[in-house]
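I'll jot down what I look up, one entry at a time.

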Amino acid sequence: MERSGLGTTDADGGPDRALLGGLIRFLVAVLLVVSLALGTALFAPQLLEDVGIENPPAPSADPPPAGERNPAVTDPDDPGVSSYETDVETITSPTVEDFVHAEVNERRAEHGLEPLEWDGTIASVSRAHSDDMARRDYFAHTNPDGEGPYDRFRDVDSYCQGYGENIAKTWVDRPIRRPGDGETVRYRTAEGLATGLVDQWMNSTPHRRAILENGETPPWDRAGVGVYIAEDGSVYAGQNFCREW
């Protein structure tokens, strides 16, 4: 995925300037590839206090099942199911994951892209990272140990030749100002939370590029969603994309 422009010369034909210009273009290309593949722009909503939102939504419908929940290979740090009870329903992480996976595939279909196959192993790796961000109180693609998305996947399995990650943070049952449109929302259902997470990604250029395979992003063929809902209502979510060998 790396591209080099070291053979290009500038208008003056000077080798030093050509080398410098080539190096700059090379670094920009590498940074662009990393940004597109990993969705590096971190995009979290603003938490609000003392904002009343009336008219509770209807409970979630049954989501279309994403796929295998107990794959042969899982991340040993996968926390399993997490949940939070609101005045409308008990939001569980598997339900949110199913809704997110289905909605991402709907957004892809609107742009003429094939649906992504659900991958339980990738979902397990993503879920472990979401839990780790909550437990160690950080929000980043690279964890405090210096491991990036592909490092975490390769610790578990090795069948992806291309790999990408979108992450998001939000809250349930608390008013927030949603990034992108600035609307004040309060997620009290799994379906509403999932739609909010996907909207959050689609309103951010790097995350949208990863979902819609724009720019240097590989053509994905599978993905997994991992959600962790903490006791304080904070939600950490990730969707990891894979191009199988």
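**Ground rules.** Helices (H or I, at least four residues) and strands (E, at least two) are DSSP runs, numbered from the N terminus. I'm working with a predicted model, where local features need pLDDT of at least 70, side-chain atom pairs count only at pLDDT 80 or more, and totals for chains, interfaces and linings use all residues. Residues are numbered from 1 along each chain as its sequence is written, and side-chain values use heavy atoms, with hydrogens and water left out.

**Entry: helix α6 and what follows.** I started at α6, which covers residues 205-212. Just after α6, I found Glu 213 with a positive phi of about 60°. Glu 213 is not a glycine, and I noted that most residues other than glycine have a negative phi. Glu 213 sits in the loop between α6 and β8 (222-229). Is Glu 213 buried or exposed? I looked up its relative accessible area, 18%, so Glu 213 is buried (buried is under 20% relative accessible area, exposed over 50%, partly exposed in between, with a 1.4 Å probe and protein chains only). Back in α6 itself, I listed Pro 206, His 207, Ala 210, Ile 211 and Leu 212 as buried.

**Entry: another positive phi.** Asp 137 isn't a glycine either, yet its phi is positive, about 55°. I placed Asp 137 in the loop between α3 and α4 (149-154). Asp 137 counts as exposed because its relative accessibility is 62%.

**Entry: Asp 131.** Next I checked Asp 131, which is in helix α3 (residues 120-136). Its relative accessible area is 8%, so Asp 131 is buried. Skipping neighbours within four places in sequence, I found Asp 131 in contact (heavy atoms within 4.5 Å) with Asp 77, Pro 79 and Tyr 228.

**Entry: the disulfide.** How many disulfides does the structure hold? I found one (a disulfide is a pair of cysteine sulfur atoms within 2.5 Å). The disulfide joins Cys 160 to Cys 242, S to S 2.0 Å. Cys 160 belongs to strand β5 (residues 160-171) and Cys 242 to strand β9 (residues 234-244), so the pair ties together parts that are 82 residues apart in sequence. The angle about the S-S bond is -110°, and I wrote the link down as left-handed. Cys 160 is buried at 0% relative accessibility, and Cys 242 is buried at 0% too.

**Entry: α2 against α5.** I looked at how helix α2 (residues 93-110) and helix α5 (residues 190-202) pack: their axes come within 8 Å and cross at roughly 45°. (Axes are lines fitted to C-alpha atoms, for helices over the stretch in contact, and angles run from 0 to 180 degrees between N-to-C directions.) That makes α2 oblique to α5; under 35 degrees is roughly parallel, over 145 roughly antiparallel, 65 to 115 roughly perpendicular, and the rest oblique. Among the residues that meet, I spotted Phe 99 and Arg 107 in α2, and Leu 197 and Trp 201 in α5.

**Entry: Tyr 187.** Last stop: Tyr 187, in the loop between β7 (184-185) and α5. Tyr 187 counts as buried because its relative accessibility is 5%. Leaving aside neighbours within four places in sequence, I saw Tyr 187 in contact with residues including Ile 91, Thr 170, Trp 171 and Leu 193. The C-alpha atoms of Tyr 187 and Thr 170 are 9.3 Å apart, and 17 residues separate the two along the chain.
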